[in-house]
Amino acid sequence: MTRTRGATIVFAALVAAAAFPTAARAECYLEGVASLEEIAGGWTIHEDLRVVKQVDSAPYEKGGVGNWFVDRETTTLPMCSVFDDLGGYSLRSYMLQPVVTKSQVRICQATADGGSVPFVPKDAKPRPADTAYEVYLPYDRPYAGSCPPAPPAPDPVPRLR
């Protein structure tokens, strides 16, 4: 392969990664951990995105008095679970690099009298009773503070000037 052709391939890959960022993210593949015979025999793979961390910014008003938001950074860990032809969990299962996403989350909605109330999305569903002790539940949560949010506490240590 010529040097020019190699540079062209690398450039095309970089352009594709920039144009389609989700395509650049790694995904679970069965072909790397099971033979073609095992795959033909019924081996499967399941990708599970586990939320392992969520960090919210300080609340801020946007779009009028009473509308409050936080910037949320969510870290998920892709777990690639491999199952053999009998449905048993395989020790060939693996994890991928964590994926960090950032989003703006509405926490409070303005009311007609100038106040605010907690914002509940239209597609919100109540938590099923059988998930009360789910390990990852505290991370995938709605805002639990007051509306409007309380102002931040003063710094107990004065800053030196």
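Student: Over the ring of which residue does the charged end of Arg 106 sit?
Tutor: In this predicted model, the charged end of Arg 106 lies 4.9 Å from the centre of an aromatic ring. A charge counts as over a ring when the Arg CZ is within 6 Å of the ring centre and within 35 degrees of the ring normal.

Student: How many aromatic pairs does the whole structure hold, and is the pair of Tyr 60 and Phe 69 stacked or edge-to-face?
Tutor: The search of the whole structure returns 2 aromatic pairs. In the pair of Tyr 60 and Phe 69, the ring centres are 6.4 Å apart and the planes meet at 25 degrees. Planes under 30 degrees apart count as stacked, so the geometry of Tyr 60 and Phe 69 is stacked.

Student: What is the angle between the ring planes of Phe 83 and Tyr 89?
Tutor: Phe 83 and Tyr 89 have their ring centres 6.0 Å apart. Phe 83 is partly exposed at 26% relative accessible area, whereas Tyr 89 is exposed at 54%. The pair is edge-to-face, and the angle between its planes is 75 degrees.

Student: What distance separates the C-alpha atoms of Arg 50 and Met 79?
Tutor: Arg 50 lies in strand E1, residues 44–56, and is partly exposed at 27% relative accessible area. Met 79 is 29 residues away from Arg 50 along the chain. The C-alpha atoms of the two residues are separated by 7.2 Å.

Student: Which cysteine forms a disulfide with Cys 28?
Tutor: The structure holds 2 disulfides. In the one formed by Cys 28, the sulfur atoms are 1.9 Å apart. Cys 28 is in the loop between helix H2 and helix H3, and its partner is 52 residues away in strand E3. That partner is Cys 80.

Student: Is the disulfide of Cys 108 and Cys 147 left-handed or right-handed?
Tutor: The sulfur atoms of Cys 108 and Cys 147 are 2.0 Å apart. Cys 108 is buried at 0% relative accessibility, and Cys 147 is buried at 18%. The torsion about the S-S bond is about -80 degrees, so this disulfide is left-handed.

Note on methods. Residues numbered from 1 in each chain as written. Predicted model: local features only at pLDDT ≥ 70, side-chain atom pairs only at ≥ 80, totals over all residues. Heavy atoms only, no water. Phe/Tyr/Trp six-rings, centres within 6.5 Å; stacked < 30°, edge-to-face > 60°. Buried < 20%, exposed > 50% of the residue type's maximum accessible area, 1.4 Å probe, protein only. Helix = DSSP H or I, 4+ residues; strand = E, 2+ residues; numbered from the N terminus. Disulfide = S-S within 2.5 Å.
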